[in-house]
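Hello,

Here is the structure for your files. My notes on it follow below.

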Amino acid sequence: MKLEATTKTEKFDVQKHIIASIRDLINLKNLEPGDKLPAERVLAEKFEVSRSNVREAIQKLELYGLLKSIPQSGTFVANIGVIAMNGMIKDILRLEDPDFKSLVETRILLELKTVRLAALRRTDEDLKKLKATIDAYSKKVLNGEDAVQEDLLFHLSIAKASGNSSMNTFMLIITPQIITNFEKYHVCDKNLAQKGIEEHQAIYDAIEMKDPQLAKQKMKDHFSELYQYCYKD
């Protein structure tokens with residue numbers, strides 16, 4: 001009988017189960033760096049979980065540098081010793097599913113860095129993509145529609161323009177959870193959406209001028225409500 005995750009907590013627990021099972025498999029088979037893991041389908045059957053759950057667990061271990069997936073070839077043990085791998089997986093299994101406030105706080109810290117880098121490194125193509133996200137956000141706001149996704153796409157475009165692939169990856173990881181929880185936690189008043197149009201434009205202008213300090217300040221101004229949410233206690 002397969003483990004089916006129906007809630008966020010259950011999904012997190014299933015992922016931990018899979019990660020622990022992959023560790024046990026590596027130890028049992030004495031797999032070494034460069035050795036190939038069984039296919040996702042085989043692992044799903046062996047661990048009695050869905051293939052999508054296996055894929056997510058593998059992606060998480062890839063993020064930590066413990067596995068490496070090669071298209072059309074499979075998933076391999078990364079170049080790391082068994083003692084170090086077991087220690088890192090033990091630490092990963094201790095991690096708690098981040099609460100929403102922690103995700104928002106992480107987003108703020110990341111974006112104050114990415115916006116500075118974007119102002120220094122942006123290309124003309126980056127500016128076009130940023131402008132497109134501003135237009136999409138503005139259109140929805142002016143039509144009285146929810147624009148949370150368009151707002152976050154603007155910020156993801158800034159992360160991409162930063163030229164730092166790691167920061168971009170972290171933003172991509174936390175953004176889906178932020179999108180699904182924004183309304184639940186009532187972080188920002190919908191009446192502030194109109195103000196967001198002006199704030200996005202101010203951030204864009206600073207990036208276009210290649211002024212990292214101004215870009216950071218405009219991002220801080222934009223995050224004033226989030227600051228209150230995270231640090232009001």
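Leu-67 has Val-77 in β2 as its bridge partner. The strands concerned are β1 (residues 67–70) and β2 (residues 74–77), which pair in the antiparallel sense over four bridges (pairing requires at least two DSSP bridges between two strands). Three residues separate β1 and β2 in a hairpin, and Gln-72 in the turn has a positive phi of about 65 degrees. Strands are DSSP runs of E with at least two residues, helices runs of H or I with at least four, numbered from the N terminus.

This is a predicted model, in which local features need pLDDT of at least 70 and side-chain atom pairs pLDDT 80 or more, while totals for chains, interfaces and linings use all residues. Residues are numbered from 1 along each chain as its sequence is written, and side-chain values use heavy atoms, without hydrogens and water.

On the helices: the axes of α6 (residues 124–142) and α9 (residues 193–208) come within 9 Å and cross at roughly 170 degrees (axes are lines fitted to C-alpha atoms over the stretch in contact, with angles from 0 to 180 degrees between N-to-C directions). α6 is therefore roughly antiparallel to α9 (the term applies over 145 degrees). Residues making the contact include Leu-127, Ile-134 and Tyr-137 of α6 and Ile-197, His-200 and Tyr-204 of α9 (contact means heavy atoms within 4.5 Å).

Ser-157 lies in helix α7 (residues 148–161). Ser-157 counts as buried because its relative accessibility is 17% (buried means under 20% relative accessible area, 1.4 Å probe, protein chains only). Apart from neighbours within four places in sequence, Ser-157 contacts Lys-129, Leu-130 and Thr-133.

Regards

Key. Angles under 35 degrees count as roughly parallel, over 145 as roughly antiparallel, 65 to 115 as roughly perpendicular and the rest as oblique. Buried means under 20% relative accessible area, exposed over 50%, partly exposed in between (1.4 Å probe, protein chains only).
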